[in-house]
Amino acid sequence: MGTRMRRIRFADVIDLEVQLARDESEASQAKLRLRDREIANRINAEDRQEPGLSLRWLDEMRKADGELPGQRVEGACRALGGALVVLGLLLGFGLVWGWLTLDQSQPVNVIHFWSVTVGLPAGLFVLWVVGLVLRQLPWFSRWAGPMSSAIPELLQWMLAKRFSQWRQWLAAAGGASKRTRTAWLWMVHTLTQRFALAFGIGAVAALVAAFYLTDPAFGWRSRLMDTQQLHRVVSAITWPWASVMPSATLTEVQIEQTQYSSMGERFADVQAGRGQAGHATWAMWWPMVLMSMVVYVLLPRAAAVVGTSWALKRAAARAFDPLRLAPLRQRLAPAAEFRTSAKYDHKHIIAQTQQAPQAALQNIAGQRCHVLQWTGLGITRQQVAAHLQQRFALQVDTHAEVGQLDPDADAQAMHAATQGKDEAEPVMVIVPAWEPPTSEYRDFLAGLRKIAGERRPIEVLLYEQHAGEPEQVNAEDQRTWQQMVRSMGDAYLSVLPFVEEA
Amino acid sequence: MQTVPTFVVVGYVNRGKSSVISTLAADDSVEISSTPGTTQHNAVFELRAQGETLIRFIDTPGFERPRDVYHWLKAHETDPGSRRQVVEAFVKEHRGIGMFKQECELLEPILQGAAILYVVDGSKPPMTSASAEMEILQWTGQPRMALINPTRQPQDETTEQQWRAQLDQFFHLIRTFNAHAADYPRRLALLRSLREVDQQAAAALDRAIEALQESRAQQRDAAAAIIADTLTQMLQLTKEKKLAADADVDAHRQPLKEQYLAALRDAESRCRDRILDVYGHHELTVEQAVAGEDLLTDDLFSKSTWTQLGLSRNQLISAGVAAGAAAGGMVDLSVGGASFLAGSLIGGILGGAGVWYGSNQLAQTKILGQPMAGKLLRIGPVSDPQFPWIILDRAVLFHRRIANRAHAARGLLHLDATDLENVSRNMGRGTRSEFNHCFKDLRKSRATEKNQRELRELIAAQLADE
């Protein structure tokens with residue numbers, strides 16, 4: 001059964017780029033094919049769907065080559081993310097705790113406190129979202145592209161400082177880092193959103209801790225708003241939870257009760273201990289502040305963390321674009337392939353040994369000869385006789401057809417051509433030049449030698465034709481026949497083209 | 001147990017049996033030689049898809065002594081009904097020994113149930129050995145098909161007719177299949193015709209054809225990705241050289257340019273190697289042609305390449321004007337039309353002029369200041385708007401030639417000017433505009449994965465249209 005496909009990680013994207021860059025620079029395609037075929041043999045047939053196949057391939061490459069930097073780089077990014085989370089927690093906690101506890105001589109102005117701990121992070125979040133939306137527009141993307149890639153490039157520069165392997169990869173992969181720009185961008189977003197979430201968690205934790213441990217007083221003062229206006233603002237802010245958590249919102253009266261002036265008179269009255277009701281009044285703001293931080297800071301940032309992680313995964317998955325990885329897939333899992341289960345034997349039938357002296361046609365001019373013509377050549381006896389007379393000054397004494405379906409007829413023709421004839425009279429064997437000199441021809445010539453005697457000249461004439469007329473022999477055919485004839489080691493056997501070479 | 005349909009490729013020695021296998025298997029690593037007897041033992045080729053063997057071809061050594069074999073069979077024949085048994089007796093008696101070793105090797109799988117693909121050379125007239133072979137194969141009683149594979153120019157017009165007249169008496173089906181020139185559709189057509197020979201193998205052959213079609217699409221996608229990657233790489237390529245503050249820049253300019261051009265040529269060459277590999281042409285060598293003789297193998301920067309490939313001057317300028325006018329139109333839009341389309345007009349003029357002057361220079365050389373004194377001489381990326389079109393044309397034409405090249409054909413690649421169909425000039429206006437956008441974005445370092453994906457898809461569509 002196939003193994004369940006693991007999810008694609010950032011490390012996979014980096015390693016994929018590194019390995020593809022290396023493969024691109026590999027000179028021998030055969031080497032890559034061989035390597036990937038071996039890897040493919042180790043992968044189950046069930047795992048051969050994308051992107052599982054490429055992931056399995058990467059795993060195998062990692063096993064074979066520990067140099068791939070993906071896991072270390074991802075580990076470094078994770079460590080950086082962890083450090084940012086700790087930093088965010090400390091900063092968020094420190095800011096809120098310090099604000100609420102360092103100076104308790106006056107109430108905490110809830111307008112300022114809310115603006116810094118809720119308004120500012122929420123505003124930054126909105127800006128971030130707007131930026132993401134605008135990036136989808138081509139004109140904005142062109143304008144902001146260099147800026148948005150600055151941070152990923154800074155991160156890559158830092159990693160290059162930290163890891164020599166990464167530096168090597170940047171040199172080797174060249175522009176490959178550009179191909180993973182989106183993944184890098186989302187990696188940076190993931191880190192920053194985690195920081196922001198941690199900041200929010202730290203701030204909330206500090207608020208809760210300060211409330212229970214130091215009981216800070218929340219009030220408000222402003223020359224820009226009166227009670228009614230502030231009530232409208234508070235109502236708008238608390239609208240999402242007002243119906244389910246009325247205790248986390250304030251009435252106009254309550255707001256009016258928590259107003260203090262720069263003169264600090266009312267606060268002085270409370271400080272003087274004007275009763276329990278007054279104490280509770282100054283604590284009325286904190287549930288609203290707490291809910292604001294949760295709803296406007298924590299929840300959006302938590303959603304952003306989830307969203308950026310998802311986007312990072314999506315970008316990572318897109319790096320495994322099936323069309324882009326088509327060459328790899330074609331090597332690893334071809335839809336159809338021919339495989340041979342046997343290797344060719346390169347030993348040729350014709351051994352190129354025993355170079356024999358060529359003595360067959362010396363001093364034969366004016367003699368009689370005997371012709372054995374392979375059947376089916378389409379040349380008449382008269383044509384053969386005229387040609388031999390003209391070319392070699394030979395007179396044809398006997399003429400027989402050989403190579404017919406019955407091999408016994410060949411022996412009879414050989415006997416007829418040679419028995420009782422002068423051993424100096426050559427035998428001219430006319431064969432089709434286009435036929436390869438198979439064992440059949442070799443057997444024939446060996447048999448003829450036995451019957452004709454050791455010293456009778458035998459000349460193999462290679463016949464070629466075109467449109468019924470004798471034609472010059474193809475050089476390759478001639479060479480093949482010569483090789484075969486020479487390999488027989490017969491000094492009185494030679495081969496010539498029927499039509500003289502031009 | 002379901003058996004794998006098997007076809008034994010037989011014939012006289014050196015009649016192109018291995019060539020047929022090589023082309024059917026689309027693999028040029030199959031040994032082909034003009035020397036008779038290159039194939040000494042049966043070689044089994046299995047078409048596999050998803051780990052399953054669909055069909056099997058057996059390349060055989062070929063008949064060496066067909067007349068003697070037939071003579072033996074005739075001598076041992078008792079009645080016409082027992083001919084197959086006589087062939088079996090022949091194999092039993094001569095298997096692995098003596099002069100009929102090769103005949104036994106090729107007859108064995110046939111007697112085990114394989115269908116026969118008998119290959120003859122259609123360029124030469126039939127001889128008696130062929131008659132003997134046909135008789136022997138008929139005696140086995142197995143389903144059989146004859147392939148007329150002309151290895152050379154036919155001796156005369158009647159040669160193929162002579163063969164057909166003889167083959168008709170012995171074979172269920174006769175097809176002409178030039179293994180050295182058969183393209184992909186002919187290869188599929190041959191596989192389809194095998195269904196008629198062996199009806200029992202029809203289902204397996206259908207699956208094999210489907211798998212081969214899928215494989216073809218896979219190869220095309222792989223080639224598209226390779227071409228897109230190469231184009232991106234070539235468009236973004238830069239070369240730099242650090243120089244001392246007082247160094248003579250002009251003395252370094254030319255060597256750096258040479259390095260730059262060499263790197264571009266190298267990128268194209270690697271692209272071609274990868275395409276060859278994708279299509280199973282492992283042994284094929286693409287050699288540099290004499291300038292102007294062969295557009296495909298001519299130098300990338302030769303005059304003939306640049307005049308015959310890529311877009312025409314008019315097409316280039318109109319693309320530049322359109323892009324400039326579109327950019328100017330944004331200005332018009334932003335001022336609510338108060339510019340009376342002056343933005344579009346000026347943008348169009350500037351765009352056209354940019355193309356006119358930009359097409360005279362491949363890439364700009366820049367001298368940059370270095371933070372720690374000295375100078376940096378940089379060449380690239382390519383600014384000539386024609387360059388990506390040239391690369392695209394050459395890549396697509398190369399692909400076209402390779403994808404349709406029979407694997408039995410060995411030797412150099414040639415693309416005559418008469419073959420040439422300019423890809424980019426004949427492209428639809430919309431497609432050309434999409435390519436232009438991709439090229440424009442890819443030239444800049446801000447190119448995204450999206451741009452590359454678009455380019456891959458556009459190129460894949462071009463290859464699919466072929």
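1. Chain B holds 15 helices and nine strands; helices (H or I, at least four residues) and strands (E, at least two) are DSSP runs numbered from the N terminus. The model is predicted, so to speak of local features pLDDT must be at least 70, and side-chain atom pairs count only at pLDDT 80 or more, while totals for chains, interfaces and linings use all residues. Residues are numbered from 1 along each chain, chains are lettered from A, and side-chain values use heavy atoms, without hydrogens and water.

2. An open sheet of seven strands has the order E3(A)-E2(B)-E3(B)-E1(B)-E4(B)-E5(B)-E6(B), with mixed pairing; two strands pair if DSSP finds at least two bridges between them. E3 (337-340) of chain A and E6 (173-176) of chain B each have a single partner strand, so one side of each lacks a neighbour in the sheet.

3. Where the chains meet in this sheet, E3(A) and E2 (residues 43-49) of chain B run antiparallel, joined by four bridges. A:Arg339 is opposite B:Glu46.

4. H5(B) packs on the sheet, touching E1 (6-10), E4 (115-120) and E5 (144-148) of chain B. Contact means heavy atoms within 4.5 Å.

5. The largest nonpolar core has 78 residues, of which A:Leu372, B:Tyr118 and B:Leu167 touch the most other members. Such a core is a set of buried Ala, Val, Leu, Ile, Met, Phe, Trp, Tyr and Cys residues joined through side-chain atoms within 4.5 Å; buried means under 20% relative accessible area (1.4 Å probe, protein chains only). Helix H5 (residues 128-140) of chain B gives the largest share, six residues.

Technical notes:
Buried < 20%, exposed > 50% of the residue type's maximum accessible area, 1.4 Å probe, protein only. Axes fitted to C-alpha atoms, helices over the stretch in contact; angles between N-to-C directions.
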